[in-house]
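Please look over the sequence and the structure before reading on. The briefing below is meant to be read with both of them in view.

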Amino acid sequence: MQTPRAYWPAWAARLHNWKLEAFVAWLLEAGGPFTLLGSQALYFVSPFIGGKQTQILARMLEEDDEAHAFANYLREESFV
């Protein structure tokens with residue numbers, strides 16, 4: 001099974017295209033219990049909206065260290 005970090009560049013690029021990378025980074029760092037609720041919601045809807053990546057994102061949201069590391073990645077990534 002792939003790790004969430006393998007998907008980070010694609011997720012970051014998509015968030016950058018939508019101009020949401022700063023907001024999502026803030027949300028991941030400040031989210032607290034909301035990230036856990038978000039992960040549970042993603043597990044619930046993953047069969048309907050696209051399984052594998054959704055489940056990997058949900059797994060990342062469950063782990064505070066991984067979520068904070070992705071937030072740092074979003075802040076440090078340079079999109080030129």
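What follows is a short briefing on helix packing and on two individual residues.

The model shown here is a predicted one. Two packed helices are described by the angle between their axes and by the distance between those axes, and the first two groups of points below use that description.

**Helices α1 and α5**

- The axis of helix α1, which covers residues 8-17, comes within 11 Å of the axis of helix α5, which covers residues 64-76, and the two axes cross at roughly 55°.
- On the α1 side the contact is made by Trp8, Pro9, Trp11, Ala12 and Leu15, while α5 contributes Glu66, Ala69, Phe70, Tyr73 and Leu74.
- Sorted by class, this contact of α1 with α5 has nine nonpolar residues, no polar ones and one charged residue.

**Helices α3 and α4**

- The axes of α3 and α4 come within 8 Å of each other and cross at roughly 170°.
- Since an angle over 145 degrees counts as roughly antiparallel, α3 and α4 are roughly antiparallel to each other.
- Among the residues that make this contact are Leu36, Leu42, Tyr43 and Ile49 of α3, together with Thr54, Leu57, Ala58 and Leu61 of α4.
- By class, the contact of α3 with α4 has seven nonpolar, eight polar and two charged residues.

**Helix α4 on its own**

- Helix α4 has twelve residues, 51-62, which at 1.5 Å a residue should span 16 Å, and the C-alpha atoms at its ends are 17 Å apart, which agrees with that expectation.
- Thr54, Ile56, Ala58, Met60 and Leu61 are buried in α4, and the buried residues of this helix pack against α1, α2 (21-30), α3 (33-49) and α5.

- Most residues other than glycine have a negative phi. Lys19, however, has a phi near 55°, which is a positive value in a residue other than glycine.
- Arg14 is found in helix α1, where its relative accessibility of 45% makes Arg14 count as partly exposed.
- Arg14 and Ala71 lie 57 residues apart along the chain, and their C-alpha atoms are separated by 14 Å.

Methods. Residues numbered from 1 in each chain as written. Predicted model: local features only at pLDDT ≥ 70, side-chain atom pairs only at ≥ 80, totals over all residues. Heavy atoms only, no water. Axes fitted to C-alpha atoms, helices over the stretch in contact; angles between N-to-C directions. Helix = DSSP H or I, 4+ residues; strand = E, 2+ residues; numbered from the N terminus. Contact = heavy atoms within 4.5 Å. Nonpolar A, V, L, I, M, F, W, Y, C, P; charged D, E, K, R; others polar. Expected span 1.5 Å × (residues − 1). Buried < 20%, exposed > 50% of the residue type's maximum accessible area, 1.4 Å probe, protein only. Parallel < 35°, antiparallel > 145°, perpendicular 65-115°, else oblique.
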